[in-house]
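Have the model open in your viewer and keep the selection tool handy. We will go from the whole chain to single residues, one stop at a time.

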Amino acid sequence: MRTTGKQCGLAATGDYQPSLRSPWLAAPVWEALHHMIRRLNEDGESAAGELLARMPEKGEPLRQLAYHLYTLCERNRWAEDARAYNELIGVWHAIVTASHEVGHKGESLELDF
């Protein structure tokens, strides 16, 4: 099972815009994860955080899937594939921080007085 890059057909998909998808066609976590990895590799943590800010409800499922896929790749000795998931997991806190700096789309801020 190979999942990263061109093997999933995600390498040449261009700028991923989850907010442009219809609600009933919400991006699967699998697809979103591989776009996050691509964004992290191409543009860094801040860009990955911007992408996460567009789909904050997928944050925890993305992290969990990356961890599970990393474990699967390690068990099968797919070191190259495991690296992409491990890199995402390793900087996850920075990605979440960057997403909060940008502001989550579709969330309203409430002030308690």
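Start with everything selected: of the 113 residues of the protein, 36% count as buried, where buried means under 20% relative accessible area, exposed means over 50%, and partly exposed lies in between (1.4 Å probe, protein chains only). What you see is a predicted model, in which local features need pLDDT of at least 70 and side-chain atom pairs count only at pLDDT 80 or more, while totals for chains, interfaces and linings use all residues. Residues are numbered from 1 along each chain as its sequence is written, and side-chain values use heavy atoms, with hydrogens and water left out.

Next, go to the cartoon view. How many helices and strands are there in the protein? There are five helices and zero strands, giving the pattern α-α-α-α-α along the sequence. Helices here are DSSP runs (H or I, at least four residues), strands are runs of E with at least two, and numbering goes from the N terminus. Contacts, meaning heavy atoms within 4.5 Å, can be viewed by sequence separation too: among those in the protein with a separation of 6 or more, 67% are between residues 24 or more positions apart.

**Stop 1: the core**

Select Leu 33, Met 36, Leu 62, Leu 88, Trp 92 and Ile 95. These have the most contacts inside the largest nonpolar core, which has 20 residues. Such a core is a set of buried Ala, Val, Leu, Ile, Met, Phe, Trp, Tyr and Cys residues joined through side-chain atoms within 4.5 Å. At least two residues of this core come from each of α1, α2 (45-53), α3, α4 (79-90) and α5 (92-102). Which helix supplies the largest share of this core? That is α1, with five residues.

**Stop 2: α1 against α3**

Two packed helices are described by the angle between their axes and the distance between the axes. Select residues 29-43 for α1 and residues 59-75 for α3: their axes come within 10 Å and cross at roughly 80°. The axes are lines fitted to C-alpha atoms, for helices over the stretch in contact, and angles run from 0 to 180 degrees between N-to-C directions. The two helices are therefore roughly perpendicular to each other; the class covers 65 to 115 degrees, with angles under 35 counted as roughly parallel, over 145 as roughly antiparallel and the rest as oblique.

Show side chains for Val 29, Trp 30, Ala 32, Leu 33, His 34 and Met 36 in α1, which meet Pro 61, Leu 62, Leu 65, Ala 66 and Leu 69 in α3. By class, this contact of α1 with α3 has 10 nonpolar residues, one polar and no charged ones. Ala, Val, Leu, Ile, Met, Phe, Trp, Tyr, Cys and Pro count as nonpolar, Asp, Glu, Lys and Arg as charged, and the others, Gly among them, as polar.

**Stop 3: α1 against α4**

From α1, the contact uses Leu 33, His 34, Met 36, Ile 37, Leu 40 and Asn 41; from α4, Ala 84, Tyr 85, Glu 87 and Leu 88. The residues of this contact divide into seven nonpolar, two polar and one charged.

**Stop 4: single residues**

Zoom in on Leu 62 in helix α3. Leu 62 counts as buried, at 0% relative accessibility. Leaving aside neighbours within four places in sequence, Leu 62 is in contact with Val 29, Ala 32, Leu 33, Met 36, Leu 52, Met 55 and Trp 92.

Arg 63, also found in helix α3, is partly exposed with a relative accessible area of 31%.

Move to Gly 49 in helix α2. Is Gly 49 buried or exposed? Gly 49 is buried, with a relative accessible area of 0%. Beyond its neighbours within four places in sequence, Gly 49 is in contact with Ile 95, Ala 98 and Ser 99.

Finish at Arg 77, in the loop between α3 and α4. Arg 77 is exposed, with a relative accessible area of 76%, and its phi is near 60°, a positive value in a residue other than glycine.
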